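Dear colleague,

Please find the structure below. I would be grateful if you would read the notes after it with the structure open.

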Amino acid sequence: MSMNANLTEIVGKRTYREYVCTESFTERIHHHLIFLSTFGVFLCIFTSLGNALILIALQKESTLGSPSKLLLRSLATSDLCVGMLSDPIAVIYWVSAVKKRWSVCYYAFATEYVVSYALCTVSLLTTSAISVDRLLALSLGIRYMETVTLKRVYGIIITFWVLATVHSAVSVKSSEFAARFSDTVICICVATSMFSNAMIFFNLRKQRIRIQDRRSREQPTSGEVSMAKQKKAVSSVLWIQLAVLLCYPPYLVTVVLSSTIDELSQTLELIRQYALVLVLVNSSLNPLLYCWKISEVRRAVVATLKNWLC
């Protein structure tokens, strides 16, 4: 994502990250920074525990298709890294700004956005891959397992993580290139997800019409049962993507505004910090969506919790 498109813009004789880590810039948002740091601690704990529990449950769950489970594990892993890396670094930035530890603030601010570059890129790419996986499962039928193999999915996931790592590394040296790369990734992910969901909708509609035409008895046919399972799987993917669409755009808007406004605004930076929290919240929402919409994951999580409690 365009996490820090104007990070190295010059403000006077200081860079953007140096400017936001000054008393003159943070004094009016002091109480907001205290709230953000307190909320960030709870968010860090919830995100880390929730996604760790999901990974354990997915490890034990055997009814989910292996490629689909592997993609969910990749998404849960990136969310776990958000809870264990991005959230704590963000808290360090907010606390250091409150405590006026400007050198710590400077490096924490810079590190937060570099790490967020990588993790958010992986999350967006993986979410799009999950929608494509559901489309292939619906379209290919019995040929799905022959086409979508574990080896190929592993290769795709590794490619995502390599691209994200390179992206975050390049962002340190060239924020302009990083911003263009981010915009390209976002456009590709959004277009891919929209196309996949549209095709899924039309395919399900065709299946429903075909089943209704061939229905000859009251009991559900195997085709009806299969379509019901596909609808359930598609529903879970749509909710995950809906969470992304709700959590990411506000931050993108603040990035665009900050890159077009010459003079830095304390109000805009405060809004951007809250928008950043919303992006981080997305990683804590996914475990809840898994348990709510994917019955196999929910059963595995319940079983895991029972084992722990007993």
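Predicted model: local features only at pLDDT ≥ 70, side-chain atom pairs only at ≥ 80, totals over all residues.

Residues are numbered from 1 along each chain as its sequence is written, and side-chain values use heavy atoms, with hydrogens and water left out.

Helices here are DSSP runs (H or I, at least four residues), numbered from the N terminus. Helix α5 covers residues 102-140, and its end C-alpha atoms lie 56 Å apart, which agrees with the 57 Å that its 39 residues should span at 1.5 Å a residue; the expected span is 1.5 Å times one less than the number of residues. Of these 39 residues, 29 are buried, so α5 is largely enclosed by the rest of the structure. Buried means under 20% relative accessible area, exposed over 50%, and partly exposed in between (1.4 Å probe, protein chains only). Just after α5, Gly-141 takes a positive phi of about 65°.

Helix α7 (residues 150-173) packs against α5 at an angle of about 150°, with the axes 8 Å apart. Axes are lines fitted to C-alpha atoms, for helices over the stretch in contact, and angles run from 0 to 180 degrees between N-to-C directions. The two helices, α5 and α7, are therefore roughly antiparallel, a term for angles over 145 degrees. On the α5 side, the residues that meet α7 include Val-114, Tyr-117 and Leu-125, while those on the α7 side include Phe-160, Trp-161 and His-167. By class, the residues of this contact are 11 nonpolar, 5 polar and no charged. Nonpolar covers Ala, Val, Leu, Ile, Met, Phe, Trp, Tyr, Cys and Pro; charged covers Asp, Glu, Lys and Arg; the others, Gly among them, are polar.

Helices α3 (residues 30-60) and α4 (residues 66-99) pack at an angle of about 160°, with their axes 8 Å apart. That makes α3 roughly antiparallel to α4. Their contact has 20 nonpolar, 9 polar and 4 charged residues.

Lys-100 is in the loop between α4 and α5. Although Lys-100 is not a glycine, its phi is positive, at about 65°. Lys-100 is partly exposed, with a relative accessible area of 43%.

Asn-282, in helix α11 (residues 266-293), is buried, with a relative accessible area of 2%. Not counting residues up to four places away in sequence, Asn-282 touches Ala-243, Val-244, Cys-247 and Tyr-248, where contact means heavy atoms within 4.5 Å.

Yours sincerely

Terms used
Parallel < 35°, antiparallel > 145°, perpendicular 65-115°, else oblique.
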